Amino acid sequence: MPGPGSYWIGDEEKHQIDEVMATGYLSRYGRLEDPRFKQKVYTFEKELADYCNVNHALATSSGTGSIMIALLALGIKPGDEVIVPAYTFVATYSAVIFAGAVPVLTEIDKSLNMDPSQIEEKITPKTKAIIPVHMLGNPCDMHAIMRIAEKHHLAVLEDACQAAGASFQQKKVGSIGHMGAFSLNIFKTITAGDGGAVVTNDVDLYERAFGLHDQGHKPLRAGLEIGARSILGLNFRVNELVGALALAQLHKIDRITSTLRQKKNKLKAMISDIEGVTFRKINDSEGECATLCTVIFEDAQKAALVADLLDTTTVDKSGWHVYANMEHINRYLKEKGQPYGKGAYPITDDLLSRSINLSVGVVDAGLGSGFGIHINSTDKEIEIMAGQFICACNKVEQRSL
Ligand SMILES: Cc1ncc(COP(=O)(O)O)c(C=O)c1O
């Protein structure tokens, strides 16, 4: 199974789905005066907005769609530049490119998130926005990023696709920048199979996002639309079945993250005394999702040998999360005169080649987290997995003596 939410699909999800199936209302729009119309999408949006402590939430068909909608709502135009980290899922880059803008990559730090101290040198007169990505559930240092954005009048869109339920200094990720984007795909903290959401405090941004996601309509298609549509939109809507699943999972989100944090703490305590191995920096240890436990070796060769013994991979070799592994994105970067290909971001290359993602809740070979535990692992299973990891480290250490 991939993500923590998918392990916990159960009676609550079935109940929510059954309620929808009993009514025949499958679209997010229905007759409000009919008590049989359960308004699952609408309720999910209200509850997500409350959970994130923001004024507005909009359910969408994916995290990718959410980023795309948010960029367009923020007014990103062809030729603009958007600063993004060199370590993120391909969708962060492709959404920027589809908005017509140029992704300008920046190095990560030991948190494996965008390094705030590297952002300013990437800013040009064309820069319009920054996308901090809360990678692997670890919140970015949003104070530092917001300070830079305010100084240079840049929009901030949080890519919180991997971090639903995380917070930075008591504020939910997604709610700190001007807009936030979530994914509900099967690898995420909570899931609806596929789906996503956009959150914001700004009513104008919300109205633009709503229109973009539904053919230019005002929120909930309220009011007379003919002649009043202010924006050209597409279709990124979700239906009531997705809303029902998302709602059931949202009700579990805090239990999911607190369970993951407990399991991760146990695992970390068991593997914390290995020479030459540290943990990545967590910017808010009480607020992170704890979906992964990333270990960083002093030496890339040793990291690769340990990964091999565990039948997993170092992060630099993981699928569509590392800029150097995305030939289509690199082709685009080259065309736009941006640094591209392995070696373009040496700090990122080095860190990722020394890192292994141990799964705590997201079991995903594509993320390099094929080895580890999951949300239902018992103490015994955590102990066994920790033992295997220690044993692999010891073997590699002995070989190198
Ligand atoms: C950081 C990040 N951004 C965006 C996305 C895109 O989300 P989706 O798969 O729902 O389109 C993902 C999904 O894996 C992601 O990890």
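Guide: This is a predicted model. Start with the residues around the ligand, sorted by class: the shell has 5 nonpolar, 9 polar and 1 charged residues.

Visitor: Which residues of that shell are closest to the ligand?

Guide: The closest are Ser62, Gly63, Thr64, Phe89 and Ser183, out of 15 residues that surround the ligand. Helix H4 (63-73) and helix H5 (90-98) are the elements that give two or more residues to this shell.

Visitor: Now the chain as a whole. How many helices and strands does the chain have?

Guide: The chain has 13 helices and 12 strands. Its radius of gyration is 21 Å, close to the 21 Å that the globule rule gives for 401 residues, so the chain is as compact as a globular protein of that length. Along the principal axes, the C-alpha trace spans about 75 × 55 × 35 Å.

Visitor: What share of the residues counts as buried?

Guide: Of the 401 residues, 54% count as buried. Contacts can be sorted by how far apart the partners are in sequence. Taking those between residues at least 6 apart, 68% join residues at least 24 apart.

Visitor: Into which domains is the chain divided?

Guide: There is domain 1 (4-250) and domain 2 (253-399). Their C-alpha centres lie 26 Å apart.

Visitor: How many residues of each domain are in contact with the other?

Guide: In general, the size of an interface is often given as the accessible area lost when the parts come together. Here we have residue counts: 37 residues of domain 1 are in contact with 39 residues of domain 2. On the domain 1 side, the elements that each supply at least two residues are helix H1 (4-7), H5, strand S3 (102-106), strand S6 (167-168) and helix H8 (240-250). The residues of that side divide into 24 nonpolar, 10 polar and 3 charged.

Visitor: How should I read a single helix?

Guide: An α-helix has 3.6 residues a turn, so residues three or four places apart point the same way. Take helix H6 (residues 142-152), in which Met142, Ile145 and Ala149 are buried. Seen down the axis of H6, the buried residues fall within an arc of 65°, so they line one face of the helix.

Visitor: Which exposed residues does the face of H6 turned away from its buried side carry?

Guide: That face carries His143, Arg147, Glu150 and Lys151. The buried residues of H6 pack against strand S4 (127-130), strand S5 (155-159) and S6. Just after H6, His153 takes a positive phi of about 55°.

Visitor: Let me try another. Which residues of helix H2 (residues 11-21) are buried?

Guide: Glu13, Gln16 and Val20 are buried. They cover an arc of only 65° around the axis, which puts them on the same side of H2. On the other side, Asp11, His15 and Asp18 are exposed. The packing partners of the buried residues of H2 are helix H3 (40-52) and H8.

Visitor: And a single residue? Why does Thr200 count as buried?

Guide: Count the neighbours. Thr200 counts as buried because it has 27 C-beta neighbours inside 10 Å, where 20 or more are needed. Thr200 sits in strand S9 (residues 196-200). Beyond its neighbours within four places in sequence, Thr200 is in contact with Val54, His56, His178, Met179, Leu205 and Tyr206.

Visitor: Is Asp311 buried or exposed?

Guide: Asp311 counts as exposed, with 10 C-beta neighbours inside 10 Å. Asp311 is not a glycine, yet has a positive phi of about 60°. Its place is the loop between helix H10 (300-309) and helix H11 (327-335).

Note on methods
Residues numbered from 1 in each chain as written. Predicted model: local features only at pLDDT ≥ 70, side-chain atom pairs only at ≥ 80, totals over all residues. Helix = DSSP H or I, 4+ residues; strand = E, 2+ residues; numbered from the N terminus. Rg over C-alpha atoms; globule rule 2.2 N^0.38 Å. Buried ≥ 20, exposed ≤ 12 C-beta atoms within 10 Å, placed from the backbone. Contact = placed C-beta atoms within 7 Å. Near = placed C-beta within 6 Å. Nonpolar A, V, L, I, M, F, W, Y, C, P; charged D, E, K, R; others polar. Domains from an automatic or database assignment. Arc of directions from axis to C-beta.
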